[in-house]
Amino acid sequence: MALKAVTDASFDEDVLKSDKPVLLEFWAEWCGPCRQIAPSLEAIAAEHGDKLEVVKLNIDENPTTAAKYGVMSIPTLNVYRGGEVVKTIVGAKPKAALERDLDEFIGQ
């Protein structure tokens with residue numbers, strides 16, 4: 001299952017206006033750690049998609065949004081709720097660690 005791709009053009013609609021919290025991964029094709037966490041993010045999306053939308057944004061193809069949020073290293077994971085960033089996770093982590101970081105949104 002591939003995660004939904006968000007673009008600079010669809011960011012407001014897909015992320016900021018979402019009814020539920022959105023976990024957005026800033027990533028790029030050349031990013032090894034991004035590839036490492038992809039299966040974990042897909043699993044979290046499959047297991048917790050009712051509570052948390054999981055999407056990704058390619059920073060090479062969509063530099064405006066990454067610049068707006070000051071993304072300096074990838075992967076950077078931002079959780080948006082009500083149009084605001086409420087949590088930021090930087091770097092690749094195992095699925096269990098990601099779930100712990102996201103506990104307030106997915107309620108393990």
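A: In this predicted model, the largest nonpolar core has 18 residues, of which F11, V15, L24, F26 and I74 touch the most other members. A nonpolar core here is a set of buried Ala, Val, Leu, Ile, Met, Phe, Trp, Tyr and Cys residues joined through side-chain atoms within 4.5 Å, where buried means under 20% relative accessible area, exposed over 50%, and partly exposed in between, with a 1.4 Å probe and protein chains only. At least two residues of this core come from each of α1 (11–16), β2 (22–27) and β3 (53–58), and β2 gives the largest share, 4 residues. Helices (H or I, at least four residues) and strands (E, at least two) are DSSP runs numbered from the N terminus.

The contacts of F11, counted as heavy atoms within 4.5 Å, reach V6, L16, L24, L57, T65, Y69 and Y80 once neighbours within four places in sequence are set aside. As a general background, nonpolar side chains in soluble globular proteins tend to be buried together.

Residues are numbered from 1 along each chain as its sequence is written. Local features need pLDDT of at least 70 and side-chain atom pairs count only at pLDDT 80 or more, while totals for chains, interfaces and linings use all residues, and side-chain values use heavy atoms, with hydrogens and water left out.

The chain also has 1 disulfide, defined as a pair of cysteine sulfur atoms within 2.5 Å. This bond joins C31 to C34 with an S to S distance of 2.3 Å, and the link is right-handed, with 80 degrees about the S-S bond. C31 is buried at a relative accessible area of 3%, and C34 is likewise buried at 3%. Helix α2 (residues 32–48) contains S40, which is buried at 14% and which, beyond residues up to four places away in sequence, touches P94, K95 and L98.

Charged side chains form 7 salt bridges in the structure, each a side-chain nitrogen of Lys or Arg within 4 Å of a carboxyl oxygen of Asp or Glu. One of them pairs D14 with K4 at 3.1 Å, N to O, and connects helix α1 with strand β1 (residues 4–5) across 10 residues; D14 is buried at 18% relative accessibility, whereas K4 is partly exposed at 42%. Another pairs K20 with E53, the closest N and O atoms being 3.9 Å apart, and links the loop between α1 and β2 to strand β3, 33 residues apart. K20 counts as partly exposed at 26%, as does E53 at 27%. Salt bridges that share partners also join E47, K95 and E99 into one network.

Turning to the whole chain, there are 5 helices and 5 strands, in the order β-α-β-α-β-α-β-β-α-α. The radius of gyration, taken over C-alpha atoms, is compared with a globule rule of 2.2 Å times the number of residues to the power 0.38; at 12 Å it is close to the 13 Å that the rule gives for 108 residues, so the chain is as compact as a globular protein of that length. Of these 108 residues, 45% count as buried, and residues 24 or more positions apart account for 70% of the contacts with a separation of 6 or more.
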